[in-house]
Amino acid sequence: MPLRVRGDFMQRRSAVVDLGSNSVRLVVFEGASRNPMPIFNEKAVLRLGRGLTETGRLNDDGVAMAQGVVSRFYAIARAMQADPFEILATAAVRDAANGPAFVDMLRSSMPGVSIRILSGEEEADHSAIGVMCGIPGASGLVADVGGGSLELINLAADGRHHATTLPLGMIRLADRAGGDLEKARMLADADIDGVKWLSGMQGGTLYLVGGAFRALARLHIARTQYPLNIVHYYTLDTQEAREMTGWLQNSSRRSLERLPGAPRKRLDDIPFAATVLRRLMRKVMPEKVVFCVDGLREGWYMLNVASEQLAQDPMDIVARTMCERFGRSNTLPAVLLNWTQGVLPQESETACRLRHIACYLSDIGSHDHPEYRAEQTYWRVLRVQGAGFDHQARAWLALALAMRYAADANMPCLATSRQLLSDGQWKEAMALGLALRLAYSLSGGAESLLEGTTLAWQDGELVLTLTSARVAVKGESVRRGLERLGQALGAPTRFALDLAH
């Protein structure tokens, strides 16, 4: 299997072509880890599914373009030594009368390349696994919209159930409705109402996958001036999502074009995507809607490249990888995790998990310029590439790590955390960051100096206990650090000496 040498280790590459009804995309992944790492990502719009409803055949212009585009993608994947490499064809090719002939044409120019026409159920299953990749512990209804179809699947703790495909992709729905939005609404209602198992999905989480749904999120982020321009894990409650779909159904293309970062190539699809989402929400009445950028391609990756890693915690993998790459010690984080245990009063399960991640990220700014260390670390964590980080986790961890590097709580760059976190979450992250800073002041990052010290609550006071062998580390910076931590926690602090050691 082809491997790439970098430094003293080797990285595997894999690639998949997603041949959809609207576009075709090549993604090349590096490595075989829990977090898919795309190093090449290119899309071409073919509109293979345009006119399929009327003719029953793939669009002639799209077919004419396809061979050149796919051959180019194949050449790139081969030059990058990607293995496995596979082409996945979805709704348009699956449903078109000339779909098999089209695949034969591609095979003739790329002998030996795997080209699979996915069934609707397989497409839904790949998308569900992609959601599991991007959102660990996801449970609810997955809806993946493409150009030719809408895939629905029940993602539950005991597996994936009821995979269903509907002809509600953006190109196909527009064709079926003749461009009439009211007719599109009636078609969507009829198709969705025909899926009987959806009646049992009410009140849960609705996960949205696919380019047209992502475009809805991008427009809403721009309109509301949401402080984090990341679609993955963007979450709306039912009322917010309903308001969003109504706004998008009634907005002119010109008004949407004025929004910063508007996805211009998707704007014609927006009213139809909003209609499908609104009708689906009417049926299942979700508690919340969560956008997921991981779908079919990431599902393919997890199935074919990294299936053994799916059960791992992706946040933990990212934190450990960054620790190895940017930090000074791979073993100090475990000591920090034990040293900070119990510092946060009434620590929740979520805060405990974030504290674990923060300990591994706590030294990633060690090689940055000291004048910019706090800010640089804040942005690096807030915008980290990796699955599993919801927006509150990003904001919490970024704030904690900025405080570890002595950020001023009023720094303008911390505004994103201020907007995304509750007062309680803000105080927790601040306190942990100050506790980590105190630990590094005590030890300079050396485990031997931190061992023999403890930080614990005693009768309402936060007490830093030093053994006789560690009294030397009690300097002015340590005193100030303990006081600041106490102020953040609203508690008195003091030093204690353990003479028994």
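**Close-up views of a predicted model**

**View 1. Glu151 and the residues around it.** If we skip its neighbours within four places in sequence, Glu151 is in contact with Arg94, Gly120, Glu123, Ala124, Val142, Ala143, Asp144, Thr164 and Thr165. Keep in mind, here and in every view below, that this is a predicted model. Glu151 belongs to strand S8, which covers residues 150-156. Is Glu151 buried or exposed? Its relative accessibility is 2%, so Glu151 counts as buried; the cut-off for buried is under 20%. Look at the end of its side chain, too: there is a polar contact with the side chain of Ser149, at 2.8 Å. The Glu151 side chain also makes a polar contact with the side chain of Thr165, at 2.5 Å, and Thr165 is one of the residues in the contact list above.

**View 2. Thr377 inside helix H16.** Find helix H16, residues 373-382, and you'll find Thr377 in it. How accessible is Thr377? Its relative accessibility is 0%, which means that Thr377 counts as buried. Leaving out residues up to four places away in sequence, Thr377 touches Ile364, Gly365, Asp368, Leu401 and Tyr405. One of these, Leu401, takes us on to the next view.

View 3. H17 runs over residues 391-404, 14 residues in total. From its first C-alpha to its last, the helix reaches 20 Å, close to the 20 Å expected at 1.5 Å a residue. Why can we call H17 largely enclosed by the rest of the structure? Because 13 of its 14 residues are buried.

**View 4. Cysteines without a bond.** How many disulfides does the structure hold? The count is zero. Take Cys292: its closest cysteine sulfur is in Cys133, 8.1 Å away, so the two are too far apart for a bond. A disulfide would need the two sulfur atoms within 2.5 Å. Cys292 is buried, with a relative accessible area of 1%. Cys352 is in no disulfide either, and the nearest cysteine sulfur, that of Cys359, lies 9.6 Å away. With a relative accessible area of 33%, Cys352 is partly exposed.

View 5. How do S14 and S15 pair? S14, residues 461-467, pairs with S15 in the parallel sense, over six bridges. To spot a pair of bridge partners, look for Leu464 and then for Phe495 in S15.

**View 6. Ala488 and Lys427.** Stay with helix H21, because Ala488 lies in it and counts as partly exposed, at 30% relative accessibility. Where is Lys427 compared with Ala488? The two are 61 residues apart in sequence, yet 6.9 Å apart in space, C-alpha to C-alpha.

Technical notes: Residues are numbered from 1 along each chain as its sequence is written. This is a predicted model: local features need pLDDT of at least 70, side-chain atom pairs count only at pLDDT 80 or more; totals for chains, interfaces and linings use all residues. Side-chain values use heavy atoms; hydrogens and water are left out. Helices (H or I, at least four residues) and strands (E, at least two) are DSSP runs, numbered from the N terminus. Buried means under 20% relative accessible area, exposed over 50%, partly exposed in between (1.4 Å probe, protein chains only). Contact means heavy atoms within 4.5 Å. The expected span of a helix is 1.5 Å times one less than its number of residues. Two strands pair if DSSP finds at least two bridges between them. A polar contact is a pair of N or O atoms within 3.5 Å; within protein, one must be able to donate a hydrogen and the other to accept it, and residues adjacent in sequence count only if both atoms are side-chain atoms.
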